[in-house]
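This briefing is meant to be read slowly, with the structure open beside the text.

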Amino acid sequence: MPADSSPLPPRPPSDPVELIPVDRSHRAVLENLGHLYRYDLSEAYRHLPHPDGTFNNSRLDLFLAGINPEHRAWLITVAGALGGFVMTAPTDTGGTSISDFFIVRALRRSGVGTQAASRVIAMTPGRWSIGFQSYNPGAQPFWSQVASDAVGDTWTTRDDPPVEGRPPDTWITFQT
């Protein structure tokens, strides 16, 4: 029997990408994706799961509790299947931030994340601040491309000072 030249199964479809506004009926789905998201961040943040196998996600907990109605979330679906989530929040300076962004590994580098982020940004014109950690080698090129798609070369970056217990954030800011 000849050896298969492709060791991995084909990727899932990456189109069409849709954003589904999160409501109370999506609570369990968003919580489950939130644990996967926090797991992805656990290496850099040096977080371990709780004894029940879950990870802390205070922003998600506050969103699900309805503490701030200006915080918004969408499930990202791809060809009808669940592909991730995105959350936005107002900034202290009057703009909007993508506070949490998660694409399942099977769909990364397929264009799904770029489409989802671009659609969220297009829904809320104004000033945007998007934070990421520079330890993640794909984050800066990804968010730079999203910003360039949104506003050309009129975006800027800045680094936060180091913070005890976690990697510092880098911020891309722009106006749509």
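The points below describe a pocket and then a helix pair.

This is a predicted model. Its largest pocket has a volume of about 1500 Å³, and elsewhere in the description the helices H3 and H4 are found to pack at an angle of about 45°.

**The largest pocket**

- The lining of the largest pocket is made up of 50 residues, and those nearest its centre are Tyr-37, Leu-41, Phe-101, Gln-133 and Asn-136.
- At least two lining residues come from each of helices H1 (27-45), H3 (112-123) and H4 (139-151), and likewise from each of strands E3 (81-90), E4 (96-103), E5 (127-133) and E7 (169-175).
- Helix H1 gives the largest share of this lining, with 9 residues.
- Sorted by class, the lining holds 22 nonpolar, 16 polar and 12 charged residues.

**Helices H3 and H4**

- The axes of H3 and H4 lie 10 Å apart and the angle between the helices is about 45°, which means that H3 is oblique to H4.
- Where H3 passes H4, the crossing is right-handed.
- On the H3 side the contact is made by Gly-113, Thr-114, Ala-117 and Ile-121, while H4 contributes Phe-142, Trp-143, Val-146, Asp-149 and Ala-150.
- By class, this contact between H3 and H4 has 6 nonpolar, 2 polar and 1 charged residues.

Note on methods. Residues are numbered from 1 along each chain as its sequence is written. This is a predicted model: local features need pLDDT of at least 70, side-chain atom pairs count only at pLDDT 80 or more; totals for chains, interfaces and linings use all residues. Side-chain values use heavy atoms; hydrogens and water are left out. On a 1 Å grid over the protein atoms alone, a cavity is a set of points where a 1.4 Å probe fits but cannot get out, and a pocket is an open set with protein on both sides within 12 Å along at least five of seven lines; lining residues have an atom within 4 Å of a point. Grid points are joined across faces, edges and corners, and a volume is the space filled by probe spheres set on the points. Helices (H or I, at least four residues) and strands (E, at least two) are DSSP runs, numbered from the N terminus. Ala, Val, Leu, Ile, Met, Phe, Trp, Tyr, Cys and Pro count as nonpolar, Asp, Glu, Lys and Arg as charged, and the others, Gly among them, as polar. Axes are lines fitted to C-alpha atoms, for helices over the stretch in contact, and angles run from 0 to 180 degrees between N-to-C directions. Angles under 35 degrees count as roughly parallel, over 145 as roughly antiparallel, 65 to 115 as roughly perpendicular and the rest as oblique. A crossing is left-handed if the near helix is turned anticlockwise from the far one by less than a right angle, and right-handed if clockwise. Contact means heavy atoms within 4.5 Å.
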